[in-house]
Amino acid sequence: MFIDIPSELEASLIGLPLPAWKLDGSFLAESTMERYRTELTAAPRFEETAVRLRHALTGEGGGYAVLRLGSLAKVLGTGDDRFLRLVTGFAAEAAVPFSPFPLWPLWKDIGVKVDKDPGRASGIGYNAFHMDLVNATLPPDYTTLLCVRHDPLGGGLSILSDAHAAVARLSEDSRTLLAETAYHYGNFFDLFGVGEEYTPFPILDGADRGEGLVRFTAKMLERSQLGQAHADAARELAEELVRGQLSFMLQPGDYLIVNQHRFLHGRKALHTGQETLPVADRRLLLQLFLRAPAGDGSAT
Ligand SMILES: O=C(O)CCC(=O)C(=O)O
Ligand SMILES: [Fe+2]
(Lines give C-alpha, C1' and ligand atoms only; values in the text may rest on other atoms or scores of the structure.)
(Ligands and ions follow the chains in the order given, each with its own letter.)
Protein backbone atom coordinates (compact mmCIF):
# COMPACT_ATOMS: atom_id res chain seq x y z
CA MET A 1 0.00 0.00 0.00
CA PHE A 2 3.03 2.25 -0.40
CA ILE A 3 2.69 4.31 -3.56
CA ASP A 4 5.75 5.84 -5.18
CA ILE A 5 5.37 8.83 -7.47
CA PRO A 6 6.74 8.22 -10.98
CA SER A 7 9.79 10.44 -11.55
CA GLU A 8 8.30 12.26 -14.56
CA LEU A 9 5.24 13.11 -12.47
CA GLU A 10 7.44 14.29 -9.62
CA ALA A 11 9.43 16.50 -11.97
CA SER A 12 6.36 18.17 -13.39
CA LEU A 13 4.69 18.67 -9.99
CA ILE A 14 7.61 20.77 -8.75
CA GLY A 15 6.68 23.72 -10.93
CA LEU A 16 2.91 23.30 -10.84
CA PRO A 17 1.22 26.65 -10.14
CA LEU A 18 -1.47 25.60 -7.68
CA PRO A 19 -3.16 28.68 -6.17
CA ALA A 20 -3.95 29.02 -2.46
CA TRP A 21 -7.03 26.99 -1.58
CA LYS A 22 -10.40 28.41 -0.64
CA LEU A 23 -12.84 26.97 1.86
CA ASP A 24 -16.59 26.75 1.61
CA GLY A 25 -17.57 26.55 5.27
CA SER A 26 -15.34 23.84 6.67
CA PHE A 27 -14.91 22.08 3.30
CA LEU A 28 -12.41 22.65 0.54
CA ALA A 29 -14.24 24.78 -2.04
CA GLU A 30 -15.52 23.07 -5.17
CA SER A 31 -13.70 25.71 -7.27
CA THR A 32 -10.39 24.76 -5.62
CA MET A 33 -11.09 21.04 -6.11
CA GLU A 34 -11.72 21.66 -9.81
CA ARG A 35 -8.71 23.93 -10.31
CA TYR A 36 -6.32 21.52 -8.56
CA ARG A 37 -7.69 18.58 -10.50
CA THR A 38 -7.30 20.40 -13.81
CA GLU A 39 -3.68 21.31 -13.09
CA LEU A 40 -2.80 17.88 -11.69
CA THR A 41 -4.42 15.77 -14.41
CA ALA A 42 -2.35 17.64 -16.99
CA ALA A 43 0.81 16.27 -15.33
CA PRO A 44 2.22 13.06 -16.83
CA ARG A 45 1.08 9.83 -15.13
CA PHE A 46 -1.01 11.69 -12.54
CA GLU A 47 -4.25 9.92 -13.45
CA GLU A 48 -2.76 6.45 -13.09
CA THR A 49 -1.30 7.45 -9.71
CA ALA A 50 -4.70 8.74 -8.55
CA VAL A 51 -6.31 5.48 -9.70
CA ARG A 52 -3.75 3.47 -7.72
CA LEU A 53 -4.44 5.63 -4.69
CA ARG A 54 -8.22 5.15 -4.88
CA HIS A 55 -7.77 1.44 -5.45
CA ALA A 56 -5.52 1.13 -2.38
CA LEU A 57 -8.14 2.89 -0.28
CA THR A 58 -11.34 1.30 -1.50
CA GLY A 59 -10.42 -1.77 -3.57
CA GLU A 60 -10.72 -5.38 -2.45
CA GLY A 61 -8.49 -5.97 0.59
CA GLY A 62 -7.48 -2.29 0.69
CA GLY A 63 -8.10 0.42 3.23
CA TYR A 64 -5.01 2.59 3.56
CA ALA A 65 -2.21 4.06 1.48
CA VAL A 66 1.09 5.82 2.02
CA LEU A 67 1.93 8.21 -0.81
CA ARG A 68 5.66 8.71 -0.87
CA LEU A 69 6.14 12.40 -1.52
CA GLY A 70 9.57 12.65 0.13
CA SER A 71 11.52 13.76 -2.94
CA LEU A 72 8.99 16.51 -3.65
CA ALA A 73 9.13 17.51 0.01
CA LYS A 74 12.90 17.73 -0.20
CA VAL A 75 12.81 20.04 -3.21
CA LEU A 76 9.92 22.24 -2.07
CA GLY A 77 10.31 21.96 1.72
CA THR A 78 7.73 20.10 3.83
CA GLY A 79 6.46 23.31 5.39
CA ASP A 80 6.16 25.11 2.05
CA ASP A 81 2.70 26.19 0.84
CA ARG A 82 3.38 24.77 -2.63
CA PHE A 83 4.05 21.36 -1.13
CA LEU A 84 0.95 21.47 1.08
CA ARG A 85 -1.18 22.46 -1.92
CA LEU A 86 0.10 19.45 -3.86
CA VAL A 87 -0.68 17.13 -0.97
CA THR A 88 -4.13 18.71 -0.66
CA GLY A 89 -4.57 18.04 -4.39
CA PHE A 90 -3.71 14.36 -3.91
CA ALA A 91 -6.06 14.17 -0.92
CA ALA A 92 -8.86 15.67 -3.00
CA GLU A 93 -8.45 12.77 -5.45
CA ALA A 94 -9.54 10.43 -2.65
CA ALA A 95 -12.36 12.51 -1.10
CA VAL A 96 -13.25 16.05 -0.02
CA PRO A 97 -10.85 17.66 2.49
CA PHE A 98 -12.51 19.37 5.44
CA SER A 99 -11.86 20.55 8.98
CA PRO A 100 -14.31 19.45 11.70
CA PHE A 101 -12.79 21.97 14.12
CA PRO A 102 -14.21 25.45 13.61
CA LEU A 103 -11.14 27.26 14.91
CA TRP A 104 -8.46 25.18 13.21
CA PRO A 105 -7.03 25.59 9.76
CA LEU A 106 -7.60 22.82 7.20
CA TRP A 107 -4.38 21.05 8.25
CA LYS A 108 -3.87 20.57 11.98
CA ASP A 109 -0.42 20.26 13.58
CA ILE A 110 0.39 17.22 15.65
CA GLY A 111 3.68 18.06 17.34
CA VAL A 112 5.22 16.65 20.50
CA LYS A 113 4.52 18.08 23.93
CA VAL A 114 6.37 16.36 26.77
CA ASP A 115 3.93 17.61 29.41
CA LYS A 116 0.77 16.53 27.62
CA ASP A 117 -1.31 13.42 28.36
CA PRO A 118 1.05 10.81 26.79
CA GLY A 119 -1.69 8.83 24.99
CA ARG A 120 -3.06 11.88 23.16
CA ALA A 121 -2.26 13.05 19.65
CA SER A 122 0.69 15.24 20.62
CA GLY A 123 1.70 13.28 23.73
CA ILE A 124 4.82 11.11 23.84
CA GLY A 125 3.24 7.75 24.76
CA TYR A 126 1.47 4.90 23.05
CA ASN A 127 -1.61 6.13 21.18
CA ALA A 128 -3.73 2.97 21.14
CA PHE A 129 -5.91 1.79 18.23
CA HIS A 130 -8.77 4.13 17.51
CA MET A 131 -11.07 5.74 15.00
CA ASP A 132 -10.86 9.53 14.87
CA LEU A 133 -14.07 11.24 16.05
CA VAL A 134 -15.44 7.89 17.17
CA ASN A 135 -18.38 9.51 19.01
CA ALA A 136 -19.74 11.47 16.04
CA THR A 137 -22.69 10.06 14.09
CA LEU A 138 -20.65 10.66 10.89
CA PRO A 139 -16.93 10.25 11.61
CA PRO A 140 -14.65 11.41 8.78
CA ASP A 141 -14.47 8.73 6.07
CA TYR A 142 -10.71 9.17 5.94
CA THR A 143 -8.14 10.42 8.39
CA THR A 144 -4.81 11.44 6.89
CA LEU A 145 -1.38 12.22 8.33
CA LEU A 146 1.44 13.97 6.54
CA CYS A 147 4.87 13.42 8.04
CA VAL A 148 6.96 16.58 8.24
CA ARG A 149 9.55 15.07 10.63
CA HIS A 150 9.72 11.65 12.21
CA ASP A 151 11.00 11.10 15.73
CA PRO A 152 14.77 11.60 15.35
CA LEU A 153 15.27 9.24 18.30
CA GLY A 154 13.51 6.46 16.38
CA GLY A 155 10.13 6.04 18.11
CA GLY A 156 6.57 6.86 17.06
CA LEU A 157 5.94 4.12 14.53
CA SER A 158 2.50 4.30 12.94
CA ILE A 159 0.26 1.30 13.56
CA LEU A 160 -2.71 0.09 11.52
CA SER A 161 -5.07 -2.83 11.87
CA ASP A 162 -7.85 -4.23 9.69
CA ALA A 163 -10.91 -3.70 11.91
CA HIS A 164 -13.21 -6.19 10.18
CA ALA A 165 -10.55 -8.90 10.18
CA ALA A 166 -10.10 -8.40 13.95
CA VAL A 167 -13.88 -8.56 14.52
CA ALA A 168 -14.09 -11.75 12.46
CA ARG A 169 -11.66 -13.49 14.86
CA LEU A 170 -13.89 -12.82 17.90
CA SER A 171 -16.46 -15.19 19.35
CA GLU A 172 -20.12 -14.80 18.44
CA ASP A 173 -20.85 -13.81 22.06
CA SER A 174 -18.31 -11.00 21.97
CA ARG A 175 -19.65 -9.74 18.67
CA THR A 176 -23.16 -9.68 20.13
CA LEU A 177 -21.95 -7.54 23.04
CA LEU A 178 -20.03 -5.21 20.72
CA ALA A 179 -23.17 -4.66 18.64
CA GLU A 180 -25.05 -3.34 21.67
CA THR A 181 -25.48 0.39 22.20
CA ALA A 182 -23.43 0.37 25.38
CA TYR A 183 -20.21 2.23 24.64
CA HIS A 184 -19.19 5.82 25.02
CA TYR A 185 -16.06 7.90 24.81
CA GLY A 186 -14.94 11.47 25.06
CA ASN A 187 -16.51 14.88 24.61
CA PHE A 188 -18.14 16.48 21.65
CA PHE A 189 -18.69 20.16 21.02
CA ASP A 190 -18.92 22.52 18.10
CA LEU A 191 -17.77 20.16 15.39
CA PHE A 192 -18.53 20.69 11.70
CA GLY A 193 -19.36 18.13 9.07
CA VAL A 194 -19.43 15.05 11.30
CA GLY A 195 -23.10 14.94 12.36
CA GLU A 196 -24.18 14.90 15.98
CA GLU A 197 -22.77 13.49 19.18
CA TYR A 198 -23.40 9.75 19.38
CA THR A 199 -23.51 8.46 22.94
CA PRO A 200 -23.86 5.71 23.86
CA PHE A 201 -22.97 3.92 20.62
CA PRO A 202 -22.48 0.33 19.45
CA ILE A 203 -18.91 -0.61 18.48
CA LEU A 204 -20.23 -2.81 15.70
CA ASP A 205 -22.29 -0.17 13.98
CA GLY A 206 -23.79 -2.32 11.26
CA ALA A 207 -20.38 -3.98 11.08
CA ASP A 208 -21.20 -7.56 12.00
CA ARG A 209 -21.20 -8.83 8.44
CA GLY A 210 -17.92 -7.27 7.39
CA GLU A 211 -19.46 -3.91 6.57
CA GLY A 212 -20.18 -0.65 8.32
CA LEU A 213 -18.11 1.00 11.00
CA VAL A 214 -16.12 -0.60 13.75
CA ARG A 215 -16.63 2.34 16.05
CA PHE A 216 -13.79 1.72 18.42
CA THR A 217 -11.13 3.40 20.45
CA ALA A 218 -8.99 1.36 22.82
CA LYS A 219 -8.79 4.49 24.97
CA MET A 220 -12.35 3.82 26.17
CA LEU A 221 -11.00 0.85 28.14
CA GLU A 222 -9.22 3.21 30.51
CA ARG A 223 -11.20 6.40 30.22
CA SER A 224 -14.86 5.37 30.02
CA GLN A 225 -16.95 3.58 32.63
CA LEU A 226 -18.20 0.43 30.90
CA GLY A 227 -20.12 -2.57 32.20
CA GLN A 228 -17.93 -5.63 32.85
CA ALA A 229 -19.15 -7.83 29.99
CA HIS A 230 -19.04 -5.00 27.45
CA ALA A 231 -15.60 -3.94 28.63
CA ASP A 232 -14.31 -7.53 28.31
CA ALA A 233 -15.58 -7.79 24.73
CA ALA A 234 -13.97 -4.45 23.89
CA ARG A 235 -10.69 -5.62 25.45
CA GLU A 236 -10.77 -8.75 23.29
CA LEU A 237 -11.23 -6.59 20.23
CA ALA A 238 -8.29 -4.40 21.30
CA GLU A 239 -6.14 -7.55 21.62
CA GLU A 240 -7.14 -8.82 18.18
CA LEU A 241 -6.35 -5.44 16.66
CA VAL A 242 -2.86 -5.64 18.13
CA ARG A 243 -2.47 -9.24 16.92
CA GLY A 244 -3.24 -8.13 13.38
CA GLN A 245 -1.31 -4.89 13.45
CA LEU A 246 1.18 -3.64 10.94
CA SER A 247 3.65 -0.92 11.82
CA PHE A 248 5.99 1.33 9.92
CA MET A 249 7.92 4.54 10.36
CA LEU A 250 6.58 7.41 8.32
CA GLN A 251 9.41 9.26 6.58
CA PRO A 252 9.41 13.01 5.87
CA GLY A 253 7.02 13.63 2.98
CA ASP A 254 5.11 10.36 3.49
CA TYR A 255 1.36 10.90 3.35
CA LEU A 256 -0.74 8.25 5.13
CA ILE A 257 -4.43 8.02 4.24
CA VAL A 258 -6.61 5.67 6.30
CA ASN A 259 -10.10 4.57 5.28
CA GLN A 260 -11.87 4.66 8.63
CA HIS A 261 -14.52 2.22 7.39
CA ARG A 262 -11.85 -0.47 7.21
CA PHE A 263 -8.78 0.29 9.30
CA LEU A 264 -8.15 1.63 12.78
CA HIS A 265 -4.92 3.47 13.50
CA GLY A 266 -2.61 4.53 16.28
CA ARG A 267 1.00 5.21 17.11
CA LYS A 268 3.69 3.54 19.18
CA ALA A 269 5.35 5.55 21.93
CA LEU A 270 7.97 8.06 20.94
CA HIS A 271 11.47 7.19 22.06
CA THR A 272 12.49 8.18 25.58
CA GLY A 273 14.42 11.42 25.84
CA GLN A 274 12.03 13.76 23.98
CA GLU A 275 12.73 16.46 26.58
CA THR A 276 16.33 16.59 25.38
CA LEU A 277 15.24 17.56 21.85
CA PRO A 278 14.56 21.16 20.83
CA VAL A 279 10.87 21.50 19.87
CA ALA A 280 11.88 22.31 16.29
CA ASP A 281 13.60 18.91 15.95
CA ARG A 282 10.77 16.80 17.36
CA ARG A 283 8.35 14.67 15.38
CA LEU A 284 5.75 16.71 13.48
CA LEU A 285 2.73 15.46 11.56
CA LEU A 286 -0.03 17.41 9.86
CA GLN A 287 -3.53 15.97 9.99
CA LEU A 288 -6.37 16.39 7.53
CA PHE A 289 -9.79 14.72 7.36
CA LEU A 290 -11.71 13.72 4.24
CA ARG A 291 -15.39 13.20 3.49
CA ALA A 292 -16.30 10.76 0.73
CA PRO A 293 -19.06 11.95 -1.59
CA ALA A 294 -22.25 9.93 -0.96
CA GLY A 295 -22.49 6.69 -2.88
CA ASP A 296 -18.90 6.47 -4.11
CA GLY A 297 -18.38 3.02 -2.61
CA SER A 298 -15.88 3.95 0.11
CA ALA A 299 -18.51 3.44 2.79
CA THR A 300 -18.01 -0.33 2.84
O1 LIG B 1 0.78 10.47 16.17
C2 LIG B 1 0.30 9.71 15.31
O3 LIG B 1 0.99 9.10 14.50
C4 LIG B 1 -1.19 9.49 15.24
C5 LIG B 1 -1.99 10.59 15.88
C6 LIG B 1 -3.44 10.29 15.81
O7 LIG B 1 -3.86 9.21 15.55
C8 LIG B 1 -4.41 11.37 16.05
O9 LIG B 1 -4.01 12.48 16.37
O10 LIG B 1 -5.61 11.13 15.90
FE1 LIG C 1 -6.03 9.36 15.25
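Here are some notes on the predicted model above, from the overall fold down to the ligand.

1. Ground rules. Residues count from 1 along each chain as its sequence is written, while chains are lettered from A and ligands numbered from 1 in the order in which they are written. Since this is a prediction, local features need pLDDT of at least 70 and side-chain atom pairs count only at pLDDT 80 or more, though totals for chains, interfaces and linings use all residues.

2. Overall fold. The protein chain has 9 helices and 15 strands (DSSP runs numbered from the N terminus: helices are H or I with at least four residues, strands are E with at least two). Its radius of gyration is 19 Å, which agrees with the value near 19 Å for a compact globule of 300 residues (taken over C-alpha atoms; the rule is 2.2 Å times the number of residues to the power 0.38). Along the principal axes, the C-alpha atoms fill a box of roughly 60 × 50 × 35 Å.

3. Burial. Of the 300 residues, 44% count as buried (20 or more other C-beta atoms within 10 Å of a residue's own; 12 or fewer is exposed, in between is partly exposed, and C-beta atoms are placed from the backbone). Gly77, in the loop between helix H4 (70-76) and H5, counts as partly exposed because it has 13 C-beta neighbours inside 10 Å.

4. Helix H3. Residues 46-58 make up this 13-residue helix, reaching 18 Å from first C-alpha to last, close to the 18 Å expected at 1.5 Å a residue (that is, 1.5 Å times one less than the number of residues). Its buried residues are Phe46, Thr49, Leu53, Ala56, Leu57 and Thr58. Among the elements covering them are strand E1 (2-4), helix H5 (81-94) and strand E13 (254-259) (contact means C-beta atoms, placed from the backbone, within 7 Å).

5. Strand E9. Here 4 of the 5 residues (158-162) are buried, so the strand is largely enclosed by the rest of the structure. Leu160 stands opposite Leu246 in E12, and Ile159 has Gly266 as its bridge partner in E14.

6. Ligand 1. The residues around ligand 1 include Asn127, Asp132, Ser158, His265 and Arg267 (C-beta atom, placed from the backbone, within 6 Å). Strands E14 (263-267) and E15 (284-291) each give two or more residues to this shell.

Conventions:
Contact = placed C-beta atoms within 7 Å. Pairing = 2+ DSSP bridges.
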